[in-house]
Amino acid sequence: MELLEEITSFADNELKDPVVIGRLKKLIRQDESIRAEYLIQSRIKNLLNERFAHQAVPDYLTDRIIKNIYKNTSDKPIPTLPNKELIIERFLKVRYEFTSLVILLFILLVSIPFNSEKTSEMLALQQTGKANLLVQAQNNFYDIIRGKLNLHFNSSDPKDVIKYFYNKGVAYTTVVPRCPGWKVEGAVISEIDGIKLAHSIYKNSKGEILYLYQVDEKMLNNNPKLCLTGDLCKYLNNGGALKIKDKNCSFVMLKHSRNIVAIASNTNLENVETSFLTYLK
Amino acid sequence: MRAHSNTLNKRELEKLYTEFEKEALPHMNSLYNYALRMTGSEDDADDLVQETYLKAFRFFDKFEKGTNCKAWLFRILKNSYINDYRKHVKEPDKIDYEDIQNFYETIKSDEVESKHYEQDAFSNLLDDDISKALTELPEDFRTVIILSDIEGFTYDEIADFVDIPVGTVRSRLHRARKMLYALLFDYAKDKGFAPKKLSKRKTT
């Protein structure tokens with residue numbers, strides 16, 4: 001071990017041999033450069049130790065981590081069906097088998113209408129009543145652009161908005177994406193029977209507004225004050241996105257992680273898709 | 001998570017979670033502090049620790065029971081930092097150890113009295129100055145100095161976390177402190193807290 005590195009070990013109480021320790025103490029007393037070396041090592045060590053007190057993990061982070069792990073533990077435990085790759089593999093093994101081809105064609109035919117605009121329009125028409133999430137999102141959005149709904153919290157940092165939701169009692173994981181072209185303005189929290197719900201608002205350089213309302217899908221189960229039709233839930237759960245053009249406004253509803261997300265904006269639908277949805281991952 | 005969901009039934013998964021909770025969650029504070037000092041940002045530290053725990057749970061069935069879980073978690077965090085975080089963040093300019101060594105020789109050749117090291121020039125520096133200097137250290141050096149001087153780990157523990165020999169820990173720590181000293185000295189000098197006679201001279 002080099003002498004200078006021995007000094008480092010000495011400063012860190014890592015040396016055990018009393019003879020070596022005695023020799024180094026003597027050197028530090030007598031040799032100016034060795035003393036300087038020791039003082040640099042111990043000064044920096046003490047400085048960092050004094051200045052950077054050990055910080056506890058913020059509660060919201062612990063909570064978020066535990067929730068994320070536990071959600072996946074309790075909700076997706078038993079795979080009853082093989083995953084997509086296995087299905088494809090199984091079909092590839094019998095790729096020339098007629099039955100398999102018929103089944104594949106059937107799956108394709110069934111899935112095509114779910115992605116069509118017609119399905120989207122049909123589903124949109126079925127959403128009625130004040131308790132309906134889409135209706136609520138539309139009404140809230142019109143209130144925002146008419147200046148009837150004010151922000152409860154102002155921040156241009158999406159992470160601050162997420163923290164705000166958490167600190168104010170929103171009991172589910174929220175998403176507030178960063179999107180080039182859209183700047184988050186802040187947040188609103190509403191309440192239904194004591195359950196806090198998260199709303200965030202964005203603005204672009206043209207002054208157009210984009211409003212994002214999200215709820216945990218579990219909140220929609222048998223809730224008389226917050227609901228969607230069963231067909232729409234199924235459609236969203238299958239990865240579909242409901243897209244509606246309404247005069248000068250656009251509405252999108254989709255499932256993100258465990259949340260049902262409703263987006264409303266006075267920019268056009270194509271812009272919502274290209275400038276916002278692509279960043280909602 | 002998907003790795004488990006395809007192979008374990010509900011009871012097995014819950015048992016795994018209970019074990020994970022007992023073994024891994026108590027180390028969250030240490031990991032958070034380390035992440036905080038490595039990234040220099042609370043938000044990035046949040047993301048890094050969350051990513052570490054999600055990955056750790058995903059591969060928890062691969063963790064060898066009875067071995068050092070904290071060291072295992074640190075290795076995951078370090079890899080996540082290298083693979084995920086660092087890719088997306090522009091690294092600040094790093095200082096060159098040779099440059100520091102040259103500075104150090106300058107100090108010695110100036111026959112400076114040891115009071116220069118003892119005087120409290122650094123106490124006037126802000127925590128942000130010290131944080132900034134810390135982030136300017138090359139990553140390998142920053143890692144050991146954080147683990148030793150902020151987290152208070154022994155050389156053996158650091159060697160285990162970082163997967164390097166104890167001698168390398170000592171050597172990196174020795175150099176890291178000297179580099180940090182030189183950087184802080186420059187900051188202090190710029191702010192008028194340290195004598196101007198000493199300056200970090202560039203290697204020519």
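Buried residues (under 20% relative accessible area, with exposed over 50% and partly exposed in between, using a 1.4 Å probe and protein chains only) make up 45% of the 281 residues in chain A. This is a predicted model, in which local features need pLDDT of at least 70, side-chain atom pairs count only at pLDDT 80 or more, and totals for chains, interfaces and linings use all residues. Residues are numbered from 1 along each chain as its sequence is written, chains are lettered from A and ligands numbered from 1 in the order in which they are written, and side-chain values use heavy atoms, leaving out hydrogens and water.

Let us stay with chain A for a moment. Its accessible surface (Shrake-Rupley method with a 1.4 Å probe; for residues, only the protein chains shown count as cover) comes to about 15600 Å², and 55% of that belongs to carbon and sulfur atoms. Among contacts (heavy atoms within 4.5 Å) with a separation of 6 or more in chain A, 57% join residues 24 or more positions apart. Chain A has 11 helices and seven strands, both taken as DSSP runs numbered from the N terminus (helices H or I, at least four residues; strands E, at least two).

After helix 1 of chain A comes A:N13, with a positive phi near 55°.

Now to the rings. Over all chains there are 21 aromatic pairs, meaning rings of Phe, Tyr and Trp (its six-membered ring) with centres within 6.5 Å; planes under 30 degrees apart count as stacked, over 60 as edge-to-face and the rest as tilted. B:F60 and B:F63 are stacked, because their ring centres are 5.7 Å apart and their planes lie at 10°. The charged end of B:K65 sits over the ring of B:F60, 4.6 Å from its centre (NZ of Lys or CZ of Arg within 6 Å of the ring centre and within 35 degrees of the ring normal).

Finally, the cysteines: zero disulfides (cysteine sulfur atoms within 2.5 Å) are found over all chains. The sulfur of A:C227 is 8.6 Å from the closest cysteine sulfur, in A:C233, too far for a bond.

| Residue | Relative accessibility | Class |
|---|---|---|
| B:F60 | 0% | buried |
| B:F63 | 4% | buried |
| A:C179 | 6% | buried |
| A:C227 | 24% | partly exposed |
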